[in-house]
Every structure is written in C-alpha cells, then in structure tokens.
Amino acid sequence: MSKTLYERIGGEPAVNAAVDIFYRKVLNDPRINRFFDNVDMEKQAAKQKAFLTMAFGGPHSYTGQDMRTGHAHLVKMGLNDSHFDAVVEDLGATLVELNVPQELINEVVAICEPTRNDVLGR
Amino acid sequence: MYKLTIEEKTYSCQPDETVLDALLRGNVNISYACKKGTCHSCMVRSPDTVPPEAAQAGLKNTLKKRNHFLACLCHPEQDMVIKLPDQSEFYTEGTVVVNEMLNRNTLLLIIAFKDAFEFNAGQFVNLQRADGLTRSYSIANTPQESNTLEFHIRRLPGGRFSEWLHDEIKAGDTIAVSEPRGHCFYLPEKSEQGILLVGTGTGLAPLAGILTDALAQGHSGPIYLFHGSREVEDLYRIDEMRQLAEQHQNFHYIPCISSNHVPAGFSHGRANEVALATLTDLKGWRVFLCGHPEMVNQMKKMTFLKGAASADIYADAFLVTPT
Ligand SMILES: Cc1cc2nc3c(=O)[nH]c(=O)nc-3n(C[C@H](O)[C@H](O)[C@H](O)COP(=O)(O)OP(=O)(O)OC[C@H]3O[C@@H](n4cnc5c(N)ncnc54)[C@H](O)[C@@H]3O)c2cc1C
Ligand code: HEM
Ligand code: FES
C-alpha cells in the first residue's frame with residue numbers, strides 16, 4: 001500500500017517542526033496578521049497544529065461546516081481570497097525552509113484548495 | 001480493566017477505551033473537542049500516577065512534570081486517581097508568621113504549615129477567606145525546611161481581598177491555602193540555556209522563586225531579570241537583587257521605571273520594552289512572563305517573534321476578576 005502524504009511528509013514530528021516556523025511567518029505577515037491579533041498564543045499553537053495536520057492530509061475530524069463556523073468571525077472582519085492565498089503561501093515557504101520536496105508541497109496546496117469556499121464562507 | 005477515581009466515585013476503563021471515553025460513558029462532565037490530542041481541552045491531572053507517555057505528547061514539560069495528560073489519548077496502564085480542572089480544591093490551613101511591608105504598597109506575607117507543602121517555585125495557590133472569597137497569589141520562595149510559603153501582595157485600592165490582607169491579617173492568624181497550581185516554573189534541564197524573566201509589580205514574586213530555584217540548581221546560562229513599575233517606590237527587593245547579581249556572574253538584574261523620574265542605576269521604560277531592546281535575539285531562550293495581563297500577552301507574542309520557541313515560553317497573567 002502506498003504511503004499517505006502525511007506519512008511521506010513525516011507525520012506528527014513534521015507538524016511539530018513546522019508549527020513554530022509557520023506561525024512566526026503568519027504573525028510577521030502584514031497581509032494577514034491582524035486576523036491573529038486577539039488570539040491567545042498558547043491556544044493558537046494547538047490550533048495551528050490542527051491546521052497543519054489537516055493540510056498535510058493527516059487524521060482530523062473537521063467537517064466543511066466546522067471550517068465555516070470556525071472562520072465566520074474572520075469573514076466578518078473581511079477575510080477574502082487574497083488572505084487565503086497568503087496563508088497558503090506562508091505554508092509553502094515554511095515547507096521550503098524545512099526542505100520538503102516541491103512535489104509534496106504541491107500536494108499540500110492541493111489539499112488546502114478545496115477548503116477555500118468553506119473557509120471564506122461561500 | 002483499570003479503575004479511574006474522581007473524588008469519591010470510581011469508573012471502569014475498558015481495555016480498548018480511552019480515559020475520556022470511559023468518563024463520558026460514566027456521564028462525567030469533562031470538556032473535549034477533537035478527541036485526538038490537538039485541542040488540549042480534555043487535559044486532566046493524576047496526582048498519584050505518572051501517566052503513559054503517549055498521553056502527554058505535545059504538552060509543555062512543566063505540565064508533564066505535574067502529571068497532566070490528555071484524557072483522549074490515555075489508555076491507562078494502572079489504576080488512576082484523576083483530577084478535573086474545575087474540581088473543588090483541597091485547602092490546607094496555614095498560619096501567618098510574617099506580615100510586613102516590602103514597599104509603600106506591597107505586603108510580604110509568610111505562611112507556615114505543619115506538614116511539608118510540596119510545590120515548584122513559581123506556582124501559585126488560591127487563598128480563601130472564611131466567607132469563601134478566593135484569590136490567586138504566586139509563591140515567591142523555593143520549598144523550605146520550615147514549610148513556609150512567601151507571598152508578595154499588592155494593595156489594589158478598593159480591592160476586597162488585597163485590602164483585607166493588608167489591613168486585617170495579623171501574625172498568628174490562620175488562612176486556607178489551596179494546592180499549588182500552574183505550570184510557570186523552572187525545570188533543571190538545558191542548564192546552558194538563556195533565561196529571560198520579565199515582571200511588572202508583584203510579578204516579581206513568581207520570578208524571584210524561579211530565579212532562586214534556577215541559581216540553586218546551578219543554571220549556567222545567562223539569566224536576565226527585568227522588573228518594572230511606574231515609579232521607583234513601587235519596585236522592591238532592589239538591593240537583594242543587586243547583591244545576587246554580584247554573587248552570580250551569569251545573573252543580570254535590570255530594574256525599569258516607566259515614569260519620567262528615573263534615578264541613576266535604573267533603566268527608563270517599560271520592563272518589556274527594555275527587555276526587547278536589550279536582548280534582540282531570543283532563539284533558544286527560555287522565557288518567563290508574570291504580572292500585568294496585557295504585558296504578558298503582548299510579550300508572549302513578541303518573544304516568540306524574536307525567536308523563542310512556543311514550548312519555551314511560560315507565563316502567568318495576574319488577571320483581576322472583574323466585578
Ligand atoms: C495566576 C495569578 C497569580 C497572581 N499572583 C499575584 C501575586 O503574586 N501578587 C498580587 O498582588 N496579586 C496576584 N494576583 C492578582 C490577585 O489574584 C487579585 O486579583 C488581586 O490581589 C486583586 O484582588 P482584590 O480582591 O484585592 O480586588 P477585587 O476586589 O477583585 O478587584 C477590585 C476591582 O478593581 C478593578 N480593577 C481591575 N484592575 C485594576 C487595576 N489595575 N487598578 C485598579 N482597579 C482595578 C476590578 O475590576 C475590580 O472591580 C494573581 C492573579 C492570578 C490570576
Ligand atoms: C488553507 C485553509 C485553511 C484551513 C484548512 C484552516 C484550518 C483551521 C483550523 C483547523 C482551525 C482550528 C479550528 C478550531 O479547532 O477551533 C483554524 C482556526 C483559525 N484560522 Fe484557519 N484555516 C485556513 C485558512 C485560514 C485563513 C486564510 C485565515 C486568516 C488569514 C485563518 C485564520 C484562522 C484563525 C485566526 C483561527 C483561530 C480562530 C480563533 O481561535 O478565534 N485560517 N483554521
Ligand atoms: S479532546 Fe482535544 S486534546 Fe483531547
């Protein structure tokens with residue numbers, strides 16, 4: 001049986017390696033950091049792990065509806081396609097920094113894309 | 001099959017069940033969301049048992065040390081006593097042995113116990129008055145042979161608990177003290193790591209405990225303490241800290257004053273701002289932040305952006321309960 005993307009990327013240790021790098025990029029990204037102003041760092045670290053696990057095709061139990069409700073307050077703040085693209089871009093840059101091969105990064109991007117409409121509440 | 005005990009009740013955990021599922025089956029009111037170790041909302045503690053390693057994956061080291069674990073990841077390996085986060089606390093009676101002023105608005109309170117009081121320096125307890133009014137205060141010393149706990153209490157004008165402690169409590173009075181709580185404390189590992197301590201006002205209390213502990217355990221990396229307040233009269237333990245800095249080459253003490261009247265030997269500015277200007281790269285550092293909630297929350301983010309790993313940032317925000 002062929003390995004899942006999550007396994008090929010390196011599973012939970014890969015998520016742990018990526019979480020600080022990714023979150024630091026997001027907080028430093030003037031395009032999107034205002035969405036993260038009021039979130040508690042510690043709780044956010046756990047949520048970032050959930051996000052990365054999901055993006056890496058790992059085990060998760062979020063539904064499209066969860067993604068809608070989870071980001072609804074951000075949509076009210078003006079969340080749109082450009083912000084979605086910025087997050088995906090920061091994620092890609094994180095993986096480049098961790099020397100993840102480009103084919104795998106493309107797969108990660110492909111996993112994120114179908115969540116776009118749910119995240120943006122459309 | 002193992003037994004799970006919460007207060008007086010016991011629950012059975014089937015071989016293929018997690019602690020979370022067993023407790024939910026037993027109608028225990030326990031919070032959870034993801035059931036896979038991500039959200040940490042199902043975190044509980046076992047006072048008497050070291051939890052299985054897998055149930056502590058992803059938790060901060062200080063939480064692991066105090067046997068916290070994720071119920072949704074825990075397949076018990078023995079019977080366990082379990083404490084839920086909001087479970088009613090066990091209080092011990094202590095006797096006030098010292099109450100004197102550290103500065104114009106900060107009271108030093110030392111409470112003695114008959115038996116050993118086990119804690120890690122930097123943790124806090126809840127103090128409770130006879131009428132049930134309860135407030136959190138940080139422990140400022142390390143475990144003593146005399147079984148005493150030291151507290152620094154700032155007078156909040158109109159504050160019900162702090163004014164009561166300042167105005168009415170006398171040596172010889174007894175007071176109810178909870179078990180120690182929180183995970184903002186020093187662990188003797190990576191002793192060459194840099195340590196940054198930032199506190200405002202009585203935020204010095206837990207930091208003083210952490211500092212004493214780190215020095216006693218032979219921490220060899222640089223340790224920087226930034227203690228801040230508006231006016232110099234609101235700082236305290238200045239001479240003691242300066243003396244410590246003379247005795248320990250790796251310890252640096254920077255008292256900070258944010259108002260414009262800054263005597264020689266003090267830095268001008270808020271403690272957090274002075275700290276960030278002094279230490280520009282915090283990669284690999286361990287960070288402890290205590291005191292004003294806004295300062296603490298902002299510094300969590302800033303120290304992280306300056307390179308500290310999120311797992312190395314420990315904080316206690318002194319939240320005041322709004323009335
Ligand atoms: C984990 C933790 C550790 C703590 N450790 C310490 C410690 O070591 N030492 C210490 O002194 N305190 C500490 N505190 C704060 C302490 O628990 C009490 O909140 C504080 O002493 C005030 O309680 P009170 O009953 O006197 O005031 P309350 O009667 O609870 O408050 C009076 C009123 O003042 C208002 N108020 C809020 N902030 C302010 C402000 N800055 N100035 C004026 N009024 C305000 C409140 O909304 C409230 O209505 C800690 C808090 C936490 C959560
Ligand atoms: C690529 C698609 C995205 C996915 C798969 C995703 C996934 C997630 C997940 C799983 C959570 C945690 C939910 C929870 O457990 O509560 C979350 C929370 C969050 N997401 Fe996203 N997300 C995406 C895009 C975005 C974008 C574009 C932004 C903003 C720029 C964003 C901002 C946030 C914020 C701020 C939270 C925390 C909400 C809070 O705690 O208040 N996300 N996301
Ligand atoms: S339910 Fe989310 S960590 Fe256990």
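This is a predicted model: local features need pLDDT of at least 70, side-chain atom pairs count only at pLDDT 80 or more; totals for chains, interfaces and linings use all residues.

**Entry 1: S259(B).** I started with the contacts of S259(B): setting aside residues up to four places away in sequence, it touches R230(B), E231(B) and H268(B). Then I checked where S259(B) sits, and it's in a loop of chain B, between strand 14 (251–257) and strand 15 (267–268). Is S259(B) buried or exposed? Its relative accessibility is 10%, so S259(B) counts as buried, the cut-off being under 20%.

**Entry 2: I223(B).** Next I went to strand 13 of chain B, residues 223–229, where I223(B) lies. I223(B) is buried, because its relative accessible area is 1% and buried means under 20%. I looked up what it touches, again not counting residues up to four places away in sequence. The list for I223(B) is I195(B), L197(B), L211(B), A214(B), L215(B), N250(B), F251(B) and H252(B). I also checked the spacing to Q193(B), which is 30 residues from I223(B) along the chain; their C-alpha atoms are separated by 8.8 Å.

**Entry 3: A205(B).** I found A205(B) in helix 4 of chain B, residues 204–216. A relative accessible area of 1% makes A205(B) buried too. Its contacts, leaving aside neighbours within four places in sequence, are S138(B), I139(B), A140(B), H152(B) and Y236(B).

**Entry 4: V19(B).** Helix 1 of chain B covers residues 19–25, and V19(B) is in it. With a relative accessible area of 0%, V19(B) is buried. What does V19(B) touch, once neighbours within four places in sequence are left aside? I noted L4(B), C13(B), F69(B), A71(B), C74(B), P76(B) and I82(B). F124(B) is 105 residues away from V19(B) along the chain, and their C-alpha atoms are separated by 28 Å.

**Entry 5: positive phi values.** I placed E7(B) in the loop between strand 1 (2–6) and strand 2 (9–13) of chain B. E7(B) is partly exposed, since its relative accessible area is 46% and that class runs between 20% and 50%. K190(B) isn't a glycine either, and has a positive phi of about 45°. Its loop lies between strand 11 (174–178) and strand 12 (195–200) of chain B. At a relative accessible area of 45%, K190(B) is partly exposed.

**Entry 6: K49(A).** Over to chain A, where K49(A) lies in helix 3. Buried or exposed, I wondered about K49(A)? Its relative accessibility is 16%, so K49(A) counts as buried. Leaving aside neighbours within four places in sequence, K49(A) is in contact with E12(A), V15(A), N16(A) and V19(A), and also with T38(B) and G58(B).

**Entry 7: around ligand 2.** How many residues surround ligand 2? I got 19, the closest being K47(A), F51(A), Y62(A), H71(A) and H73(A). By class, that shell has 13 nonpolar, five polar and one charged residues. Helix 3 (41–55), helix 4 (64–76) and helix 5 (81–97) of chain A each supply at least two residues of the shell. Helix 4 of chain A gives the most, with four residues.

Entry 8: Which residue is the only protein donor of the iron atom of ligand 2? I found H71(A), through NE2, at 2.0 Å. H71(A) lies in helix 4 of chain A. An N or O atom in the H71(A) side chain is also 2.8 Å from a nitrogen atom of ligand 2. A polar side-chain atom of Y62(A) lies 2.6 Å from an oxygen atom of the ligand. For H73(A), I noted 3.3 Å between a side-chain N or O atom and an oxygen atom of ligand 2.

Definitions and conventions:
Residues are numbered from 1 along each chain as its sequence is written. Chains are lettered from A and ligands numbered from 1 in the order in which they are written. Side-chain values use heavy atoms; hydrogens and water are left out. A residue is near a molecule or strand if one of its heavy atoms lies within 4 Å of it. A polar contact is a pair of N or O atoms within 3.5 Å; within protein, one must be able to donate a hydrogen and the other to accept it, and residues adjacent in sequence count only if both atoms are side-chain atoms. Ala, Val, Leu, Ile, Met, Phe, Trp, Tyr, Cys and Pro count as nonpolar, Asp, Glu, Lys and Arg as charged, and the others, Gly among them, as polar. Buried means under 20% relative accessible area, exposed over 50%, partly exposed in between (1.4 Å probe, protein chains only). Contact means heavy atoms within 4.5 Å. Donors are N, O and S atoms within 2.8 Å of the metal (3.2 Å for Na, K and Ca); water is not among the atoms, so sites may look incomplete.
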